[in-house]
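Hello,

Here is the structure I promised to pass on. Have a look at it first, and then read on for what turned up in it.

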Amino acid sequence: MKRKLLLSLLLVQSILMASAKSGLSRQQSAKVQEKVVSEWMESQRALLGPILSRAEGQRAVASSRATMPFWYTVYGNAPRGDRSLWISLHGGGGVAQQVNDGQWDNQKRLYEPEEGVYVAPRAPWNAWDMWCQEPIDELYEQLIRLMVCCEGVNPDKVYLMGYSAGGDGVWREAPRMADHWAAASMMAGHPGDVSLVNLRNTPFMIWCGANDAAYNRNVLCAQRGVQMDSLRNDCPEGYIHETHIMEGKPHWMDREDRAALPWMQRYVRNPYPKAVVWQQEAVVRPAFYWIEAPQDELERGRRVDIAIEGNTITIKRCDYTSLTLWLNDELVDLDKNVTVKSNGTTLFHGRLQRTEADMQASLSHRGDPRYCFPARVKIDMR
């Protein structure tokens with residue numbers, strides 16, 4: 001009996017070792033991923049859920065470096081799990097706290113989507129760049145996780161918009177975090193020197209009064225609209241956008257910019273675009289869609305251009321010494337060999353395993369259930 005039991009245990013161990021060596025099948029991977037995401041969402045509900053149980057004036061997301069209070073309400077009757085999320089950034093800026101508080105109160109009711117969770121956060125600082133200072137990205141991500149896990153938001157239906165100083169924030173955060181948004185709309189903000197190339201897969205609207213001459217907003221917004229036209233002409237399959245320079249309107253556009261909401265809601269995020277342009281902005285980020293760069297090489301202006309056709313990944317430009325590509329069966333067929341090329345040279349060719357470890361690692365790192373990847377490959381660009 002003992003000998004039979006030992007043989008049975010050895011057989012089970014052998015099967016498990018073989019499975020670990022060969023990786024998960026596509027069907028097994030789907031089931032494991034469902035479990036991994038479900039457990040992660042439950043842990044996030046336990047961690048973040050108490051925020052929503054606080055009194056209305058005490059709700060806030062926080063990190064070690066900043067705190068962002070927020071107000072929210074729910075419109076429409078979309079089923080939980082498929083609700084939209086609207087993050088709406090107030091104006092104000094480098095003015096007295098009570099002025100920004102007043103702008104926050106105004107933003108709470110400035111827009112009313114037909115459906116979704118409408119969130120008006122209060123900026124952590126009273127400064128012109130209150131919506132785009134370095135610590136705030138983590139707060140946006142936490143806010144999205146909170147609403148996905150606790151209010152039934154679809155992570156592919158997250159929309160960003162903002163007015164005046166809030167528009168300043170949209171100019172910067174729409175490209176910087178483009179892999180988070182289904183679409184974004186900028187109202188009456190100043191673009192500064194931000195690049196728009198990251199918006200290849202993120203529909204974007206520009207709204208500005210034709211008479212909004214303060215800080216040259218009207219001229220600069222019109223110029224950025226022309227830039228978006230040029231990007232679209234060079235890449236007809238990307239850079240969906242509209243530019244509205246409102247004739248006769250000053251800084252306040254009499255709420256005509258509300259037309260942005262139904263336009264944005266026509267779009268959902270594609271978390272797995274097969275062509276990506278990623279350029280680092282003033283605040284650097286380690287990952288974008290399914291691409292990850294070395295943490296110690298992140299620097300403003302560094303860029304990656306990459307595309308997938310079939311099971312071949314072509315790196316057209318890379319300003320890093322290496323890249324980690326996180327993959328799933330929506331990007332490539334993991335049952336077949338994957339090839340990675342750059343400048344005509346094959347950098348990788350082979351089969352990749354689907355593993356629960358990669359799912360856990362990617363989900364923990366990205367904090368987004370749609371960025372739970374079963375496979376990865378690290379590419380040496382040197």
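A polar contact here is a pair of N or O atoms within 3.5 Å, where one must be able to donate a hydrogen and the other to accept it. Please keep in mind as you read that this is a predicted model.

With that cut-off in hand, let's start at serine 362. Its side chain reaches the backbone oxygen of methionine 359 at 3.2 Å. Serine 362 sits in helix α8, which covers residues 356–366. Is serine 362 buried or exposed? Its relative accessible area is 1%, and buried means under 20%, so serine 362 is buried. Leaving aside residues up to four places away in sequence, serine 362 touches Trp326, Gly367, Tyr371, Cys372 and Phe373.

Now for the sheet. It is an open one, built from 8 strands with mixed pairing, in the order β1-β2-β4-β3-β5-β6-β7-β8. At its edges are β1 (60–62) and β8 (241–246), each of which pairs on one side only. From one strand to the next, the twist averages 20 degrees.

Which residue of β7 is the bridge partner of methionine 186? That partner is isoleucine 206.

Lastly, helix α4 (residues 136–150) packs on the sheet, where it touches β1, β2 (67–75), β3 (83–89), β4 (116–121) and β5 (153–163). The direction of helix α4 makes about 35 degrees with that of β2.

Best wishes

Conventions:
Residues numbered from 1 in each chain as written. Predicted model: local features only at pLDDT ≥ 70, side-chain atom pairs only at ≥ 80, totals over all residues. Heavy atoms only, no water. Helix = DSSP H or I, 4+ residues; strand = E, 2+ residues; numbered from the N terminus. Buried < 20%, exposed > 50% of the residue type's maximum accessible area, 1.4 Å probe, protein only. Contact = heavy atoms within 4.5 Å. Pairing = 2+ DSSP bridges. Axes fitted to C-alpha atoms, helices over the stretch in contact; angles between N-to-C directions.
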